[in-house]
Amino acid sequence: ASKENRFYVMSLKDVEGSLDWFSNKDNIEDSAFNTFPEFGKGQTNTEWIMSHYYKADENMLNLISKGWFIPSTEEWIAFGQELNITSANYSSVGLKSNYYTSVSSTRLYAEYIDFTTMKKSSCTFQEVKPFRLSIYF
């Protein structure tokens, strides 16, 4: 996030669309991953991932071209804290139990936020998890 970005917004609904996590995995070495969990890194993570790894459908590409991005792990944590999301109330505020972040530690694993345990975790890209996008203003 740059200094001129004052507002950080999370979409109120899951993304309609899909990403093919595996589209280019064999062409990337694990040491080449350039995604970071820190707050403010979601947009650059998404840009790097989209240019190196993902194959997205038209709806997802359209949203990302307008500045929307997949939040980093710490961005998801900040949203949860600011909105007082707990394992007891996440579903009542319209969230599913877990969401992908924009952080990939290897070509086979991605980080996700699990609201049932209130922790971050990692999974293979074969597991299906929803996406929410964020944007800066």
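I began with strands 4 and 5, which form a hairpin with four residues between them. I took strands (E, at least two residues) and helices (H or I, at least four) as DSSP runs, numbered from the N terminus. The model is a predicted one, where local features need pLDDT of at least 70, side-chain atom pairs count only at pLDDT 80 or more, and totals for chains, interfaces and linings use all residues. Residues are numbered from 1 along each chain as its sequence is written, and side-chain values use heavy atoms, with hydrogens and water left out.

I next looked up the pairing, which requires that DSSP find at least two bridges between two strands. Strand 4 (residues 98–104) runs antiparallel to strand 5 and is joined to it by four bridges. Tyr100 has Tyr112 in strand 5 as its bridge partner.

I then followed strand 5 to strand 6 (residues 119–124), and found an antiparallel pairing over six bridges. Here Ile113 stands opposite Lys120. These two strands also form a hairpin with four residues between them, and Met118 in the turn has a positive phi of about 60 degrees.

I checked the covering of strand 5 (residues 109–114): five of its six residues are buried, that is, under 20% relative accessible area with a 1.4 Å probe, protein chains only.

Thr73 counts as buried because its relative accessibility is 1%. Beyond four places in sequence, Thr73 touches Pro37, Thr101, Val103, Glu111, Ile113 and Lys120, with contact meaning heavy atoms within 4.5 Å. I noted 8.6 Å between the C-alpha atoms of Thr73 and Tyr100, which are 27 residues apart along the chain.

Definitions and conventions
Buried < 20%, exposed > 50% of the residue type's maximum accessible area, 1.4 Å probe, protein only.
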